[in-house]
Amino acid sequence: MPHMLYKKINDSFQPIIQKAFDELKEKGYSIFHVGDFSKEDFLNFSYSFGEVIPSGREKGLVDEIYISGELKQSSLPLHTDKSYWRIPPSFEILYVNDVHNMQHGEIIVGDLLKSFKQLSEDEQKQLLGFSGIYKSPKNRDAGEINVKLIGKIDDELAFFRYRLDLFDSSAPVIEKWNKKIEKTLVLVPYRKGDILILDNRLHCAGRNITTWSEGGFRHLYRTLVM
């Protein structure tokens, strides 16, 4: 079923939104510059891509994420967000509200589906049957779920759970899959006033090594869309 363009935003954004859907289908991400956006603007814009949901218990619809040298967050491994949910979100949307004295920190995007299709039929069957216990990170919602690495909806492949620290990833077929994923990786720089939309079900994403000067930080708004 094609995505609906929600009527909660100005019609002038619809060409951008349609272009974003086309780019998400083609390469797993879309990025464009919008300039100054309030948190309310960003939330309304996010509704153009589906139903916005909270990222956790007792959380609002828009997360505020601060990345800084003080937090020692220099990089972020490849993953799909909310891999430990029964059905992960379709999209993760990021808006760079402010940035100061920060270098690098590009988003890294990998094509999970393309890499999967490059495996043999037997290897694909192995991955389709691979299951494990996914535990929520300690700083997130508590709990665990025993699910398959690859999720299906109506018997169709729908999403990948790519979070190597949450399950045993030592199986040879997963190691081979990882090597193919590495060959698809692209760096996506994003700057103040940019919106970056990521396909969270068929692509993985991480963050490149970041360096800060004194007092450096980046302030993001984030939404998750089902």
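Biologist: In which sense do β6 and β13 pair, and over how many bridges?

Modeller: Strands here are DSSP runs of E with at least two residues, numbered from the N terminus, and two strands pair if DSSP finds at least two bridges between them. β6 and β13 pair in the antiparallel sense over five bridges, with Val-109 opposite Ala-205 in β13. This is a predicted model, where local features need pLDDT of at least 70, side-chain atom pairs count only at pLDDT 80 or more, and totals for chains, interfaces and linings use all residues. Residues are numbered from 1 along each chain as its sequence is written, and side-chain values use heavy atoms, leaving out hydrogens and water.

Biologist: Which residue is the bridge partner of Ile-108 in β11?

Modeller: That partner is Leu-187. β6 and β11 (residues 186–188) pair in the antiparallel sense over three bridges.

Biologist: Which way do the residues of β6 point, and are they buried or exposed?

Modeller: In a regular strand the side chains alternate between the two faces of the sheet. Here Ile-107, Val-109 and Asp-111 point one way, while Ile-108 and Gly-110 point the other way. Buried means under 20% relative accessible area (1.4 Å probe, protein chains only). Five of the five residues of β6 (residues 107–111) are buried, so the strand is largely enclosed by the rest of the structure.

Biologist: Which element gives the largest share of the lining of the largest cavity?

Modeller: A cavity is a set of points on a 1 Å grid over the protein atoms alone where a 1.4 Å probe fits but cannot get out, and lining residues have an atom within 4 Å of a point. β13 gives the largest share, three residues. The lining includes Asp-81, His-203 and Ala-205.

Conventions
1 Å grid on protein atoms, 1.4 Å probe; cavity = no way out; pocket = protein on both sides within 12 Å on 5 of 7 lines; lining within 4 Å. Helix = DSSP H or I, 4+ residues; strand = E, 2+ residues; numbered from the N terminus. Buried < 20%, exposed > 50% of the residue type's maximum accessible area, 1.4 Å probe, protein only.
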